[in-house]
Amino acid sequence: MATNGETKAPSSGSLVDASGYKFSEKDTKPGKIRLKKSVKLGKKKGDDAPDSPGSSPILPEIDEKTMAAFPTGKPREEDHLETVICKTCKRPVLKQNAVEHIRGCIRAKQEKARRKKEARDAANRAKAGDKDGDEDVAGGDGDDSMKGQKSAKKSAVKGMAEDGTKKGKKRKTEGEDDKEPKKKKKKEEPKPKVPKPKGPVDVEKQCGVTLPNGAQCARSLTCKSHSMGAKRAVPGRSLPYDMLLQAYQKKNQARQQKAAIDANAPLQDDMENNGPVDSDEEKDAVMAAITRSHPQPIITHTLISTKKKYQYVRIKEMLSHALGGARGGGLFSTGDSNTASNDGNLFAPVDDVVMASPVIASADNTADVDNTTPAPAAKKLSISASSAEPELADQFRREVATLLGRNNLNFPGAQPVSFSNKHLLELQRQDYYVCEKTDGIRCLMYFARGDPDSEAPEIHYLIDRKNDYRYVPGLHFPLPNDESFQSYHVDTLVDGELVNDTYEDGTQQLKYLVFDCLVLDGQSLMHRTLDKRLAYFKEKVLKPYNALYQRFPEEKQHRVFAVEDKSTQFSYGIEMMFREIIPKVKKIHGNDGLIFTCRSTPYRIGTDEHILKWKPPAENTIDFRMRLEFPVLEPDTDDEAEGISEPYTDYDAMPIFHLFVMLNSNEYRHFAEMFVTPSEWEELKALGLPLDDTIVECSKDEHNRWRYHRLRDDKADANHISTVEKVLESIQDRVTEEDLIRAAPAIKAAWKKRQAQMASEDEERKRRARQAPPPANGNGVKRKFEDS
């Protein structure tokens, strides 16, 4: 130990010597001791030692983000933190940290769901591996020898060391000798499955197809084991199978989307949560938006009286004709060339309609080299047929219903039934007239009252099968016995067909062929017989009409169409119809059969059992409502790469053409499917018309398949189920042209017999009238039609 600055060498037995430490010269030299000066308080704020009793305690600094959580920006006892409740973890979170916290909670939730799913999949894979191992253990006896050889080889390999020497056995501990050998776990035998009691099959939600054992298929509506046709044919469904399947798929898709949202997808409110909305703030925002809103109607309707509408339509027509322009072609257009085309539709929704001659796909239209030459290209004719305004059309419907003495405002025309084998006897029981079935457009013509103070006191409208009224200008039907031709018919309704005659020299003539008269000058003729109705029309309307144009032939060029009566024959003149009349009319305006009308029955609106429509068996058609069903595709890898994750409709593929028949008003039932080839599908698309939910005319081919014939844009509804059943009966009976010709002699004999009986009854009535005393008034003048 050194004293007074002197150093003494340490003794040999000291701890320093034992440790082996060597002192340097600096360590052995004496030095000065420097003491630190005490630091004065209050010099620097951060220089105080942590344990200095005289300094204030040091607090952690608060960042600006935390300070912003306080309303005043300074943490005080009276300030309350603004927090929101996280919807995921249900914990309070600072408002400014809410978005970041919620996103973290959602990510944690998704990660937890992912780990749970991976664990579940791993458990399923392990379970499947255990099953495979059990199957290997339970193998057949034939593999025992091979397994023995493999096990022997494995044991020999395991017993050899890397250098080829045999390994020694592992010594057992003393405790292991007393242990019993491990028992193999026996595989638990599966419990016999107890079949669940099956309830009745609900055909609204299940397949329902009858199985070979007599039961019904209990799979869902999307059952893949049975065809679509078999599932559509299941009875007892409240709606067609296709509608039930669509509703089922929508419901299932909505359920899957909801499950996906609940499991993985974050809600929009969670991603952008700005905290609870104060009710007062919401009310103020809504009221401010209302005060700034100034709603205006999209369309305003100006109320115009019926008289003004009459005047407007008449002035418009007169101005158009005075300027020589075509309606719809501009105010000062000449109208010399009509380039628009509507594919044979006379009533297209434009003012000036262009009609071409109909194309008849029949062997009778082929050119005969010996005696005729093919007709040149048809010249197009135009007809002005502007549709009446809805209010005006409703007024006309009520006027027509009043004239006919009915309350229904539907189409007032009669509809025929299809000819079947039983109607051959009907032709022998009653007198029938027959005429060719023209391939034209069926419509009634209404002679209405115009404005008496205008230049058009008489107006004429065509009523198509959709019950739409279309104004036709330039028509005049004078009254009989009027040499000035100034008087005219009103309150008159006739039934006919609009056709376009094309002659061999290329000329065309638009005609309206009348085959019945319902009302004449306000007097109903519906209760009279057919021959009387036609006689009144010819004498009162057609005869003065022809006399007008005989006196003024130069006015024919200004007619929109010519009016004629349709040629009719006795029902026993069938052979003449087939041999002479039909071949001629097919070359002029087309033909698709015969119409038989009973002479002695009144005119009946709607389906009339005494108007028979005969067509060749191969041309019997039915009007269906067609609806298209396009296939639904599952997204593939390319679709998923483009962001498509849900099934989508493939509108590029060829759809299924469903055909529906009408049961009641706006109620349809699925009937069949239409067979369409790919080339026919391309032709339908090339029409450029809407095909879904349209009326289509179909016929059966030799393979008993429904094939497309044409679109019926002139009809608003499909055939009723009763009409369909009668057409099917007609197709099955197959009354041919030869059958009608063979029945003609019997029809003629029955007709002549009835005529002779009626003649004898008339003679007897006249004889009794001569023997009876004269009437009291002494006036035997027969009452005329005008007075009746």
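Mentor: Start with a term: a helix here is a DSSP run of H or I with at least four residues, numbered from the N terminus. Isoleucine 290 sits in one of these, helix H10, residues 279–292. Keep in mind that the model is predicted.

Trainee: Is isoleucine 290 buried or exposed?
Mentor: Exposed. Its relative accessible area is 52%, and the cut-off for exposed is over 50%.

Trainee: Which residues form a nonpolar patch on the surface with Ile290?
Mentor: Val286 and Met287. Together the three have about 280 Å² of accessible area.

Trainee: Zooming out, how many helices and strands are in the protein chain?
Mentor: There are 19 helices and 24 strands. The chain has 788 residues, and 32% of them are buried.

Trainee: And the accessible surface, what does that come to?
Mentor: About 54,100 Å². Carbon and sulfur atoms hold 52% of that.

Trainee: New topic: helix H19. How many residues has H19?
Mentor: H19 has 35, residues 737–771. From first C-alpha to last, H19 reaches 51 Å, close to the 51 Å expected.

Trainee: Where does H19 bend?
Mentor: At alanine 744, by about 40°. Proline 745 follows within four residues.

Trainee: Which residues of H19 are buried?
Mentor: Several, including Leu740, Ile741, Ala744, Ile747, Trp751 and Arg754. In an α-helix, residues three or four places apart point the same way, because there are 3.6 residues a turn.

Trainee: What do the buried residues of H19 pack against?
Mentor: Helices and strands, among them helix H13 (423–429), helix H15 (574–588) and strand E16 (591–598).

Definitions and conventions: Residues are numbered from 1 along each chain as its sequence is written. This is a predicted model: local features need pLDDT of at least 70, side-chain atom pairs count only at pLDDT 80 or more; totals for chains, interfaces and linings use all residues. Side-chain values use heavy atoms; hydrogens and water are left out. Patches are made of residues with over 30% relative accessible area and no salt bridge: like charges are joined within 9 Å, nonpolar side chains (Val, Leu, Ile, Met, Phe, Trp, Tyr) within 5 Å. Accessible areas come from the Shrake-Rupley method with a 1.4 Å probe; for residues, only the protein chains shown count as cover. A salt bridge is a side-chain nitrogen of Lys or Arg within 4 Å of a carboxyl oxygen of Asp or Glu. Helices (H or I, at least four residues) and strands (E, at least two) are DSSP runs, numbered from the N terminus. Buried means under 20% relative accessible area, exposed over 50%, partly exposed in between (1.4 Å probe, protein chains only). The expected span of a helix is 1.5 Å times one less than its number of residues. The bend at a residue is the angle between axes fitted to the seven residues ending there and the seven starting there. Contact means heavy atoms within 4.5 Å.
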